[in-house]
Amino acid sequence: MPEKQIVHTTITVKCPKCERTNVYTISEEDIKEITELGVARIGFLHGDHALIINFDSTGFIRGAYIVASDNIPSDIRVFYDTYRVLLSPRFLIKDFEVALIDLENKIIDLRASKLSGKDVSLIMEYVNTYRNLIKDSIKRVGVSGRNYFAVEHSNVVILYNNIPSSIIKVCLPLIMVEKHDLSSIYLALKYAVSSSIDKDTPTFKERLNMVMNAHRIRIKAKKGINAIRFARASILALWPQLTNVFDMIMSDPNIKGPEGTTLLNLIMKDPSICFDDLYEMLKELSKRDLIEFLG
Ligand SMILES: [Zn+2]
């Protein structure tokens, strides 16, 4: 099959607008897209504009065009130099922004920020110039007329705003672990900002870890839903603010099954929920032997 032969071969393309040359290595992901849609569509960021190309199963470029960097269609896989740039789907961000630049795995993830493709060159110039300065040390940086802070830890640069530096300092070693999953990091920081627990205590660290791993932790009804329903009044007497969440937990179809439901799923039922309250309530249900935490 011709599709198999073009993997790892390179495409060289010159921008008609700024004459920059991009050399791109065809990936398995491209082949998958070509198999499904006939062509692969990728874009290269060049400051204020991006060069978009479509290529087919022989590596032939079927079309090339220029768009504004802050207006790239969401189905285009975007690159800056050798970095993959994640711009969509955007997170529903409210209180603060977070952007990650994974220098080792070459990923720029802007989905939890208001930054767009046009900001990438500037951000990367800053990171390349000041990398030594921001190593485990927080520095202020202006991007697109807005204030951000930058710090590098374990080969990942985090750009953020509206989070106290004291919280970032405590959280950084805990959130920059093995796989840098932006949604877990965003959720963990959201928890850290909202929690009133002393950030230097083991309790805080344990809960932050739990939020970070919420997609892996599962919760299962141990004696069936009716047993939990029976405890409703006594539980809600302790946490009346969690009435909606409690009822949503009860109606989760997965909690009854052998696999249970993820902790993340429960947190996301009400994104404004106070995790400390949810945690205490789940602990109480567990103490009463009504639910079980899995893995
Ligand atoms: Zn260009």
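**A walk through the predicted chain**

Ser154 takes a positive phi near 50° in the hairpin of β11 and β12, where two residues lie between the strands. Helices and strands here are DSSP runs, numbered from the N terminus: a helix is H or I with at least four residues, a strand is E with at least two. This is a predicted model, in which local features need pLDDT of at least 70, side-chain atom pairs count only at pLDDT 80 or more, and totals for chains, interfaces and linings use all residues. Residues are numbered from 1 along each chain as its sequence is written.

Two strands are said to pair if DSSP finds at least two bridges between them. Strand β12 (residues 156–161) is largely enclosed by the rest of the structure, because five of its six residues are buried. A residue is buried if 20 or more other C-beta atoms lie within 10 Å of its own, exposed if 12 or fewer, and partly exposed in between, with C-beta atoms placed from the backbone.

Six of its seven residues are buried, so β3 is largely enclosed by the rest of the structure. Seven bridges join β3 to strand β4 (residues 49–55), and the two run antiparallel. Within this pairing, Gly43 has Ile52 of β4 as its bridge partner. The two strands form a hairpin with two residues between them, and Gly47 in the turn has a positive phi of about 65°. What is the direction of β3 relative to strand β6 (residues 77–80)? These two run parallel, joined by three bridges. Phe44 has Phe79 of β6 as its bridge partner.

Another sheet is open and has three strands in the order β14-β13-β15, with antiparallel pairing. Its edge strands, β14 (261–262) and β15 (291–294), each pair on one side only. Strand β13 (residues 218–221) pairs with β15 over four bridges, and Arg218 stands opposite Leu294 in β15. Helix α11 (residues 275–287) packs on the sheet and touches β13 and β15; its direction makes about 110° with that of β15.

Two helices also pack against each other. Helix α4 (residues 165–175) and helix α6 (residues 202–212) meet at an angle of about 50°, with their axes 11 Å apart. Axes are lines fitted to C-alpha atoms, for helices over the stretch in contact, and angles run from 0 to 180 degrees between N-to-C directions. The angle makes α4 oblique to α6; angles under 35 degrees count as roughly parallel, over 145 as roughly antiparallel, 65 to 115 as roughly perpendicular and the rest as oblique. The contact is made by Cys171, Leu174 and Ile175 of α4 and by Lys205, Leu208, Asn209 and Met212 of α6. Two residues are in contact if their C-beta atoms, placed from the backbone, lie within 7 Å.

The chain as a whole has eleven helices and 15 strands. Of its 295 residues, 28% count as buried. The C-alpha atoms fill a box of roughly 70 × 50 × 30 Å, taken along the principal axes.
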